[in-house]
Amino acid sequence: MKNKIKWGILGCGKIANKFAADLELSDGGTLYACAGKEKDKRDSFAKKFNIVQAFDSYTKLAECPEIDVIYIATPH
């Protein structure tokens, strides 16, 4: 697929890790950005999945013009 869907993940916990690992198997999507409140967890997650941008604010992730869709991986 020529133009992959650029995903953002809000939250960097267990479910986010599962989703990111599954997204790596996709031909149509790529993980572009993440957002998390805990710096160490966020930076580790971004490094593990080769994420281009890691935000310290959910709002910044939502406002990122490069992202096509956001997966919300935080508790209800």
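The views below show a predicted model, in which local features need pLDDT of at least 70 and side-chain atom pairs count only at pLDDT 80 or more, while totals for chains, interfaces and linings use all residues. Residues are numbered from 1 along each chain as its sequence is written, and side-chain values use heavy atoms, with hydrogens and water left out.

**Figure 1. Overall fold of the chain.** The chain contains three helices and four strands, which follow one another along the sequence in the pattern β-α-β-α-β-α-β. Its radius of gyration is 11 Å, close to the 11 Å given by the globule rule for 76 residues, so the chain is as compact as a globular protein of that length. Helices (H or I, at least four residues) and strands (E, at least two) are DSSP runs, numbered from the N terminus. The radius of gyration is taken over C-alpha atoms, and the globule rule is 2.2 Å times the number of residues to the power 0.38. The C-alpha trace spans about 35 × 25 × 25 Å along its principal axes. Of the 76 residues in the chain, 39% are buried (buried means under 20% relative accessible area, exposed over 50%, and partly exposed in between, with a 1.4 Å probe and protein chains only). The accessible surface amounts to about 5100 Å², and carbon and sulfur atoms account for 52% of it; the areas come from the Shrake-Rupley method with a 1.4 Å probe, and for residues only the protein chains shown count as cover. Among contacts (heavy atoms within 4.5 Å) between residues at least 6 apart in sequence, 56% join residues at least 24 apart.

Figure 2. Asparagine 3 is exposed, and its relative accessible area is 62%.

Figure 3. Lysine 18 and aspartate 22 form a salt bridge through their side chains, with 3.4 Å from N to O. A salt bridge is a side-chain nitrogen of Lys or Arg within 4 Å of a carboxyl oxygen of Asp or Glu, and a search of the whole structure finds four of them. Because the two residues are four apart in helix α1 (residues 14-23), about one helical turn separates lysine 18 from aspartate 22. Lysine 18 counts as exposed at 52% relative accessibility, whereas aspartate 22 is partly exposed at 38%.

Figure 4. Lysine 39 and aspartate 43 are four residues apart in helix α2 (residues 39-48), about one turn of the helix. Their side chains meet in a salt bridge of 2.6 Å, N to O. Lysine 39 is exposed at 51% relative accessibility, and aspartate 43 is partly exposed at 31%. Arginine 42 also lies in helix α2, but this residue is buried, with a relative accessible area of 8%. The side chain of arginine 42 reaches the backbone oxygen of glycine 36 at 2.6 Å. Leaving aside residues up to four places away in sequence, arginine 42 touches several residues, including Cys12, Cys34, Ala54 and Phe55.

**Figure 5. Serine 57 and its surroundings.** Serine 57 is placed in the loop between β3 (53-55) and α3 (58-63). A polar atom of its side chain lies 3.2 Å from the backbone nitrogen of threonine 59, and a polar atom of the serine 57 side chain lies 3.2 Å from the backbone nitrogen of lysine 60. A polar contact is a pair of N or O atoms within 3.5 Å; within protein, one must be able to donate a hydrogen and the other to accept it, and residues adjacent in sequence count only if both atoms are side-chain atoms. The side chain of lysine 60 also meets that of aspartate 56 in a salt bridge, at 3.1 Å from N to O. Both partners are partly exposed, aspartate 56 at 46% relative accessibility and lysine 60 at 41%. Elsewhere, salt bridges that share partners join Lys39, Arg42 and Asp43 into one network.

**Figure 6. Cysteines without a disulfide.** A disulfide is a covalent bond between the sulfur atoms of two cysteines. With a disulfide taken as a pair of cysteine sulfur atoms within 2.5 Å, the count is zero. The cysteine sulfur closest to that of cysteine 34 belongs to cysteine 12, at 4.1 Å, too far for a bond. Cysteine 34 is buried at 0% relative accessibility. Cysteine 64 is likewise in no disulfide, and the nearest cysteine sulfur, that of cysteine 34, is 11 Å away. Cysteine 64 counts as buried at 7% relative accessibility.
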